[in-house]
Amino acid sequence: MIQKLTKQAISLLHTLIETPSFSSEEEHTAQLIENWFIEHDIPFERADNNVWAYNKYFDDSKPTVLLNSHHDTVKPNGNYTNDPFKAFVEDGKLFGLGSNDAGGCLVSLIATFTYFYSKEDLNYNLVIVASAEEESSGVLGLNSVLKHLKNVDFAIVGEPTLMQLAIAEKGLLVLDVSIQGTASHAAHPNDDNSIYNALEVIQWFEKFEFEKESDTLGKVKMTVTQINAGNQHNVVPSHCDLVVDVRVNDHYKNVEVLEIIKQVMPDNVKVKPRSLHLGSSSIPRDHDIVKSGIKLGRTTYGSPTLSDQSVLSCPSLKLGPGDSTRSHSANEFIYVDEIKEGIALYIKILEGIMAP
């Protein structure tokens, strides 16, 4: 059965790759996922471009595991030499946009869910959600589905981790920072140049260190990623604007980090968060699902990259085939053997907690 499901999952991934599914435009890949459930006689539900299903013998008295991955993609970058929407295998690599992030994880979890779907007397219920808008942190993604789901006790989020156990993930806080100054003609003296004022602020973001360091996620990391000021050569601008990417460890809430930053900024600096809901997430190292993975030789680590874990309030584990460093890269690929290993390991890890 596993071999058959694996073959079908790889075929589904080929079709998903060749069906464009940019964030908020995933209606056609959602239909492909519906088709899988129809072909396997599995009832499903859909809201917008999110599709989900429960195991056949769902029991309200038992805890529930959420299996989740996304079927949207970023747009291909300009360095592609392959057709990003052409799925093909070469030297064991399956190429195509979304193959690694996170198509390989998604089809592996769908195959795993299908494997367990009809099994009776499991210790846990299963619900799988193939979600939309993950890449854009959109409002019609996993966050919009959670209100429809029965209580979830913990989650496995499918993202490329080389099938190692990401037991913690940093949160994301994006800040728009505006440094004020006095506009003037460039030919005249001005000791309140907003660009010069910004230098000290940029250096503060570079040098400041938050006190609490995480064993799994390390330090809070702040990076100035964009700067914009002025519109012509002979005018000193009235403000200089920065964008700051802040990766928050599990010792802080996003709102706490924001308040610390605001408290030290001078009066001429305005700080505005784009959102506060993309928090850090984790699962205890002694959780049964983590221990099941460790027994199979998997290692644990903390992930610096964001996923749909950020919208979950329950404990969650990030785990999946593929390598995060390939995500959003030109000529994206995943090894076919990684998918095969992923399905086998997902099943074995869940069997470690599922068996009566």
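Let's start with Lys340, which is partly exposed: its relative accessible area is 42%. Keep in mind that you're looking at a predicted model. Lys340 makes a salt bridge with Asp337, and the closest N and O atoms of that pair sit 4.0 Å apart.

Both Lys340 and Asp337 belong to helix H8, which covers residues 336-354. They are three residues apart there, or about one turn of the helix. Asp337 has a relative accessibility of 54%, so this residue counts as exposed, the cut-off being over 50%.

## A pair in helix H7

Now hop over to helix H7, residues 288-295, where you'll find both Asp288 and Lys291. Here too the two residues are three apart, about one turn of the helix. Asp288 and Lys291 form a salt bridge, with 3.8 Å between the closest N and O atoms.

## A bridge across the sequence

Next up is a salt bridge between the side chains of Arg274 and Asp176, at 3.0 Å from N to O. Arg274 sits in the loop between strand S14 (269-273) and strand S15 (281-282), while Asp176 is part of strand S9 (residues 171-180), so this pair ties together parts that are 98 residues apart in sequence.

The two ends of this bridge fall into separate classes. Arg274 counts as exposed, with 51% relative accessibility. Asp176 is partly exposed, its relative accessible area being 29%.

Finally, take a look at Gly78. You'll find Gly78 in the loop that runs between strand S3 (64-70) and strand S4 (88-90). Its relative accessibility is 79%, so Gly78 counts as exposed.

Conventions:
Residues are numbered from 1 along each chain as its sequence is written. This is a predicted model: local features need pLDDT of at least 70, side-chain atom pairs count only at pLDDT 80 or more; totals for chains, interfaces and linings use all residues. Side-chain values use heavy atoms; hydrogens and water are left out. Helices (H or I, at least four residues) and strands (E, at least two) are DSSP runs, numbered from the N terminus. Buried means under 20% relative accessible area, exposed over 50%, partly exposed in between (1.4 Å probe, protein chains only).
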